[in-house]
Amino acid sequence: MNTRIQKTSRKAQIDTLFLKFPGVSARKISDLDAFFVNDKMFACISGNGVGLRVPASTASELQFSRNNVVPFQPGGMASSREWIQIDRADAADYEQDLELFRASLEFVKGARTR
């Protein structure tokens, strides 16, 4: 299977997970496929991972407790304390992160706009 087909299939699998949450929409921002709630981005696909916005304390905890969670640094940009990246070789394995995805969505939904 070529890389382009793999990338499309991976994105479709991840889309299926996020777009089943009420009020979530997807759109492209630069090179990132991003997911929004209330017009605020809470997740995106970056490389072989999914970037996710969570409270800073949760981000720190996850980076120390899980070996597949790293600071989110799309394109080498500086990381934010509220963004992490979950890396999974098989996109189907993101099913295991549904509660974390839901928590991120609720966190961003309730966040004040700047």
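**Labels and their grounds**

Modeller: A search of the whole structure finds 5 aromatic pairs. The model is predicted, so local features need pLDDT of at least 70, side-chain atom pairs count only at pLDDT 80 or more, and totals for chains, interfaces and linings use all residues. Residues are numbered from 1 along each chain as its sequence is written, and side-chain values use heavy atoms, leaving out hydrogens and water.

Biologist: Why is the pair of Tyr-94 and Phe-101 called tilted?

Modeller: Rings of Phe, Tyr and Trp (its six-membered ring) pair if their centres lie within 6.5 Å; planes under 30 degrees apart are stacked, those over 60 edge-to-face, and the rest tilted. The centres of Tyr-94 and Phe-101 are 6.2 Å apart and their planes stand at 35 degrees, so the pair is tilted. Both rings belong to one aromatic cluster, formed by Phe-18, Phe-35, Phe-42, Tyr-94 and Phe-101.

Biologist: How do you know whether Tyr-94 is buried or exposed?

Modeller: Buried means under 20% relative accessible area, exposed over 50%, and partly exposed in between (1.4 Å probe, protein chains only). Tyr-94 has 0% relative accessibility and therefore counts as buried. Phe-101, also at 0%, counts as buried.

Biologist: What makes a set of residues a nonpolar core?

Modeller: The term denotes buried Ala, Val, Leu, Ile, Met, Phe, Trp, Tyr and Cys residues joined through side-chain atoms within 4.5 Å. The largest such core has 25 residues, and those with the most contacts inside it are Phe-18, Phe-42, Leu-52, Ile-84 and Phe-101. Among the elements giving two or more residues to this core are helix H1 (3–19), strand S4 (49–53) and helix H3 (98–110). H3 gives the most, with 5 residues. Helices (H or I, at least four residues) and strands (E, at least two) are DSSP runs, numbered from the N terminus.

Biologist: Which residues does Leu-52 contact, leaving aside its neighbours within four places in sequence?

Modeller: Contact means heavy atoms within 4.5 Å. The partners of Leu-52 beyond those neighbours include Phe-18, Phe-42, Trp-83, Ile-84 and Phe-101.

Biologist: Why is Asp-15 said to form a salt bridge with Lys-11?

Modeller: A salt bridge needs a side-chain nitrogen of Lys or Arg within 4 Å of a carboxyl oxygen of Asp or Glu. The closest N and O atoms of Asp-15 and Lys-11 are 2.5 Å apart, so the pair meets that limit. Both residues lie in helix H1, 4 residues apart, about one turn of the helix. At 15% relative accessibility Asp-15 counts as buried, whereas Lys-11, at 27%, counts as partly exposed.

Biologist: What makes Arg-53 and Glu-82 a link between distant parts of the chain?

Modeller: Arg-53 forms a salt bridge with Glu-82, with the closest N and O atoms 2.8 Å apart. Arg-53 is in strand S4 and Glu-82 in the loop between strand S5 (69–71) and S6, 29 residues apart. Arg-53 is buried, given a relative accessible area of 16%, while Glu-82, with 23%, is partly exposed.

Biologist: How do you know that Asp-97, the partner of Arg-66 in a salt bridge, is buried or exposed?

Modeller: The relative accessible area of Asp-97 is 2%, so Asp-97 is buried. Arg-66, at 22%, is partly exposed. Their closest N and O atoms are 2.9 Å apart, and Arg-66, Arg-88 and Asp-97 are linked in a network of salt bridges.
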